[in-house]
Amino acid sequence: MFRSNRPSVICLIMVAQQDGNCHDPSKTEIEYKGTSFLTAPKNKLDEKFEAEMSDESESRRCCGVCSESTQKTFLGLLIVIFLAVSWVGAQQFAQSAQFSGNFSAPYFTTWFSTCWMVLCFPVFSLFLFFQKNHEEFHAEILDSRHIFGPENVTLKKIFTHIFSFNVLWIFVNYLYVFSLTYIAATDASAILSSNVAFVYALSFIILGEHFYFIRTVASSLCIAGVVMFGYADGFVGGSNLVPGIVMALLSAVGAAVYKVLFKRMIGEGKLGQVSLFLSLLGLTNALFLWVVFLILYFVGLEKMVADEIPWGYLCGSSSLSLVFNFLVNFGIAFTYPLFISIAMMLGIPLNAAVDMLLRGEIFSLLRLIAALLVVAGFCMMMCPDSWNLPVHRALGCKSSRCYGNQTNNDEEEEDILPITYSSGDLKPHEVTSQENLIEVDPSVHA
């Protein structure tokens, strides 16, 4: 700093300290290695130079923020496309498998597809290996073991937690695949989207969620859309479509129960923890739940001929389900959760297009209105919480459970985490980075 070959950076005027000398108030005294120096006062050129450097630094910082936001938006749009295509493709392949030859085995389809979830954590580890250095990679892998809190995953936790969720996961997806044997994938996906209404109802009862007028109206629209699906297809017992609607509705309710229980028992997890959870889910499924298929097969509820198993459709559905599950977690961790919602909504018209072009499905006006009601309810669920405040004031809502009337202190507010329905899930707000928290959606299988 004091070298003579850099006079353009700083000039120091050395003044010998003598008794009785008075210091110039325009100069600043500094001390270096026991020797005092007086710095020359800043001139206008120095001040202008510092101002320009400060402006340039601020400009670079703003550009960096804009660039990061643009990258996340672009990445989110790509994820939207791949999510919508993978979700629709998984459902369409699963439906085609059920009508292929002598194959009619919705449970085997679900079990086989869930087995592919074993690949989630290896894929995540491979991605992490090329993104992080050795120390960060090792730390992330170790942190992934803390699915259920500070303690590592144990054999007891696998059986008491993961296996329990695995049974519910299979039940939800089995009902959904079974519904595809009765109704079109468009109807099934629209009914499944109504699970956000049941999530809100259960979270209000179990998790102590606040009352939101807009979400209550949204729940009503979703339920009205499901009822209209049944009305359009006829509520009489002779209709072959009613069982499919009932199964899709039960699948939506089961998905809501899964999400609320996950929130209550496990909470949230990072991307690595969720990937490990899905891999353990697939592992327990492959090791233990094949027995259920044998029982259903010998009872006659599952029908297949070994030579006529549509492996192409099954592998297509399973691989796209794996892509969808991984992209859901990746998208929430690295982009904005809103993009996941957009992909889910795009799945309904995409399914309709595929059903009309490839399967010759004709949709009545009532079925289209029913689908629009569910989509409208789904969109309303994503409205910001603050939008409820003027409505609550107009209605004169005075209850402590009503959003905006809380008198809780900070410690009490931490007990009830804010909930967003951006992907039909229970997730904390502002999930925008890998370090933020995400959770598993069981309703994405086909």
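User: Buried means under 20% relative accessible area, exposed over 50%, and partly exposed in between (1.4 Å probe, protein chains only). Is Val299 buried or exposed?

Analyst: Val299 counts as exposed because its relative accessible area is 59%. Keep in mind that this is a predicted model: local features need pLDDT of at least 70, side-chain atom pairs count only at pLDDT 80 or more, and totals for chains, interfaces and linings use all residues. Residues are numbered from 1 along each chain as its sequence is written, and side-chain values use heavy atoms, with hydrogens and water left out.

User: Where does Val299 lie?

Analyst: In helix H11, residues 290-299. Helices (H or I, at least four residues) and strands (E, at least two) are DSSP runs, numbered from the N terminus.

User: Which residues make the nonpolar surface patch?

Analyst: Val299 is one of them, with Trp290, Val291, Leu294, Ile295, Tyr297, Phe298 and Leu301. The patch covers about 810 Å². Areas come from the Shrake-Rupley method with a 1.4 Å probe; for residues, only the protein chains shown count as cover. Nonpolar side chains (Val, Leu, Ile, Met, Phe, Trp, Tyr) are joined within 5 Å, like charges within 9 Å.

User: Now the inside. Which residues touch the most other members of the largest nonpolar core?

Analyst: Leu83, Phe103, Tyr107, Phe108, Phe229 and Phe277, out of 83 residues. Helix H5 (residues 155-179) gives the most to this core, with nine residues. Such a core is a set of buried Ala, Val, Leu, Ile, Met, Phe, Trp, Tyr and Cys residues joined through side-chain atoms within 4.5 Å.

User: What is Leu83 in contact with, leaving aside neighbours within four places in sequence?

Analyst: Phe324, Leu327, Val328, Ile340 and Ala343. Contact means heavy atoms within 4.5 Å.

User: And the whole chain? How many helices and strands?

Analyst: There are 16 helices and three strands. Buried residues make up 45% of the 446 residues. The chain exposes about 22,700 Å², with carbon and sulfur atoms supplying 65% of that.

Note on methods: Patches are made of residues with over 30% relative accessible area and no salt bridge: like charges are joined within 9 Å, nonpolar side chains (Val, Leu, Ile, Met, Phe, Trp, Tyr) within 5 Å. A salt bridge is a side-chain nitrogen of Lys or Arg within 4 Å of a carboxyl oxygen of Asp or Glu.
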